[in-house]
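Hi,

Here is the structure I promised to send over.

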Amino acid sequence: MLNISFNEATRTFHLSNIHISYIMQVEQHNILTHTYFGRKVSGYHQIAQYPEISREFEVNFAENREGDRAYSIGTQLLEFPVYGTGDFRQTACLIRHEDGTTVSDFRYVGHEIIEGTQELSQLPSVYVEDVTEAKTLIIELRDELVQLTLKLRYTIFENHPVIVRSASIENSGTQTSFIEKIASMSLDFPERQFDLIQLNGAWGRERMLERERVRTGIKLLDSKRGTSSHHQTPFIALCDSDTTEFFGEIFGAQLIYSGSHEMSVERDPFGQVRMLLGIQSTGFRWQLQPGEQFEAPEVMIAFSDKGLNGLSQANHTFIKQHIIPRRYANLERPVLINNWEGTYFDFTEQKLHAIIDEASQLGLELFVLDDGWFGTRNDDNSSLGDWHINYDKLPKGLNGLANYTHSKQMKFGLWVEPEMISQNSHLFRQHSDWAIQAPHRPLSLGRGQCVIDMSRQEVRDNIFGQLCAILDTVEIDYIKWDMNRHLSEAHSLALSAEQQGELPHRFVLGVYDLMKRITTRYPNILFESCSGGGGRFDLGILRYMPQTWTSDNTDAIARLFIQYGSSLAFPINSMAAHVSATPNHQTHRHTSLAMRAAVAFAGVFGYEMDLTELSQADKEIISRQVEYYKQHRQLIQSGIFTRLISPFGDSNECAWQFSNRDKTEHLVMYYQVLSHASYPAKKFRLRNLCANTVYRVTSEEQSFIARGDELMHIGFYIYPQFKGDFQARVYHVEAMKE
Ligand code: DGJ
């Protein structure tokens, strides 16, 4: 039962549903403290009141003049710690006032409980389709001296172990304040030995799962790049040190935000742990004038007591139902062919026709024309910002190509990169001030290009107009929206000196505004986001675009890690996965077509190679692969995903399983990385089956019958043994009719 209660006598909030409880208390001096987040409890009898411990050298709270040295906010579990009054741990909020002071003192003044959610005004927010799906608690705290109001929002949902939080500050006074740090959430835990799990990486190596013991001190994970980045996905999790893939408690938090961010975990000298997530504070400074409000992005926190799999499944289900537009939750995605790795910039209309012809023969459903179709773009040094068709390359224009693709019963997709401008472009020659740049300093390039200042309305209007001119006249079914460099010299020629610290966040707000306008105007186009591969894979973008190009690295072995890591945070049907040529263009590794497909099957499947160069034998294999994926697409894209064996650490293997809701059908994929002499006979066990049901297990090599309990507890050997490196086996497991 979904419930938010407030006990007037003890001034305790209790948010609960069938899975979780979240408890806070308004304590003496109207300080809001944190009590508990975790598995649901039926009620709370004040058993976890913070003990009155006199701690030497803690500051006793300002109003505490009666010699009570046992009350210090420096050791309490606080709900939203602010800077300046004696809590010396990482702060969620630092505000500089007109007189130069940085002291904040927010006290509880009231609260409100509403049905459903409360949408943020400029940022992506979680949604419900019916208000009965969620309840929201809004707690109001005020700093009376400077007349600032802090609102903390908590949304709890009908059937998810998830709380969505956000914070906002309103200036109802007469002074201008500057927010120098504002987190979306802070979560304090009593003394506990945690491990921290993060998803870090770099281009071509996104979302590598790293796990370490949380030690005393601060661990800061962040992006200052203007985007969520390849380097640090805005996701962290804390779990007990004995938590595994299947057992134990874990708390995972991820920002619904696509810009620079920071996440910290601090273990204080008393073993208490604070987890903070929010927008990046380095360089951030937001001018808050009287009457204005600043909203921090939302953050989702999920709890599982069933290990990493529980967290991953909670994330998948929640994101599909409350973040990704719901019509895409289970909508089948077409199997595509993208020309990027097949031709790069070097294509002609004739060449594309030949690829489309092959693709349609092989059963592919969507052709995507990638970079290079506009301006004079024959390499990556020009034309971004000039979204005009290059008729030299495409004499019949985009319409000609779209019509040709449609005539082959395939859908047509197009690549764009709206947030960028090349110096060698008409747009730059007309509006060089539209590039993000610091006056009198060199303009740094990244991939030969500049970032366009999306904080400016006239810039967004111009790009919106150019995109609409294409989308209104060409029948386009899919858009790949790319973003290929990070923000440096983060300064806007349109903002005042006082407001320059706002640019990175204003840039993100501008991107969201443009994405919202475009995706609302073209509801039938399937959008896929991209940022040099998976450099902006986050919940903010997923609110507008239901799938993401997971990585530019299409090597099957590299993808085992990338996809396994990504699956902790993101649903399978948001992860695009393509089969590319061998040797792989990123790692130069040779793998079989079967291995490449078996890995790409575990996502939104497609091909990215020159199909006109395939041998007849490879064409036959591909056509069977496409058929196989289509047959199991619903199960893969909409089923329950279970992480069976992690490729990380010393592992030489990886496995995962897709199951339908009633457990009658499963697809299991097992991968071995390197081949070894005298290698152990590998046996593995399935999950999520009905114990008493008889299943038929079928792979290309084998077919046998077993009950669910045998498959889950005894398991079976990988047989026949693999010969050579980089091998995969795919098992179809289906309940037999009684
Ligand atoms: C980076 C993307 O990740 C690639 O897939 C491709 O679209 C290129 N950009 C095109 O420039």
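**What I found around the ligand**

A nitrogen atom of the ligand sits 3.4 Å from an N or O atom in the side chain of Asn484. That makes a polar contact, meaning a pair of N or O atoms within 3.5 Å; within protein, one must be able to donate a hydrogen and the other to accept it, and residues adjacent in sequence count only if both atoms are side-chain atoms. On the oxygen side, a ligand oxygen lies 2.8 Å from a polar backbone atom of Gly533, and a ligand oxygen is 2.4 Å from a polar side-chain atom of Asp552. The protein covers 98% of the 290 Å² of accessible area that the ligand has on its own (areas by the Shrake-Rupley method with a 1.4 Å probe; for residues, only the protein chains shown count as cover).

Before you go further: this is a predicted model, where local features need pLDDT of at least 70, side-chain atom pairs count only at pLDDT 80 or more, and totals for chains, interfaces and linings use all residues. Residues are numbered from 1 along each chain as its sequence is written, and side-chain values use heavy atoms, with hydrogens and water left out.

The ligand is surrounded by 13 residues, the closest being Asp370, Asp371, Lys480, Asp482 and Asp552 (a residue is near a molecule or strand if one of its heavy atoms lies within 4 Å of it). That shell divides into 4 nonpolar, 3 polar and 6 charged residues. Here Ala, Val, Leu, Ile, Met, Phe, Trp, Tyr, Cys and Pro count as nonpolar, Asp, Glu, Lys and Arg as charged, and the others, Gly among them, as polar.

**The cores**

The largest nonpolar core has 200 residues, and Leu369 and Trp373 have the most contacts inside it. A nonpolar core is a set of buried Ala, Val, Leu, Ile, Met, Phe, Trp, Tyr and Cys residues joined through side-chain atoms within 4.5 Å; buried means under 20% relative accessible area, exposed over 50%, partly exposed in between (1.4 Å probe, protein chains only). Helix H7 (residues 503-521) gives the most to this core, with 9 residues. Helices (H or I, at least four residues) and strands (E, at least two) are DSSP runs, numbered from the N terminus. A second, separate core of 19 residues includes Ala655, Leu686, Leu689 and Leu711.

**Two polar residues in strands**

Asp222 is in strand S13 (residues 217-223). Its side chain makes polar contacts of 2.9 Å with the side chains of Lys224 and Gln280.

Ser304 lies in strand S20 (residues 299-304) and is buried, at 4% relative accessible area. A polar atom of the Ser304 side chain is 3.5 Å from the backbone nitrogen of Leu311.

Arg207 has a positive phi near 55 degrees and counts as buried because its relative accessibility is 0%. Glu489 has a positive phi near 40 degrees, but counts as partly exposed at 24%.

Cheers
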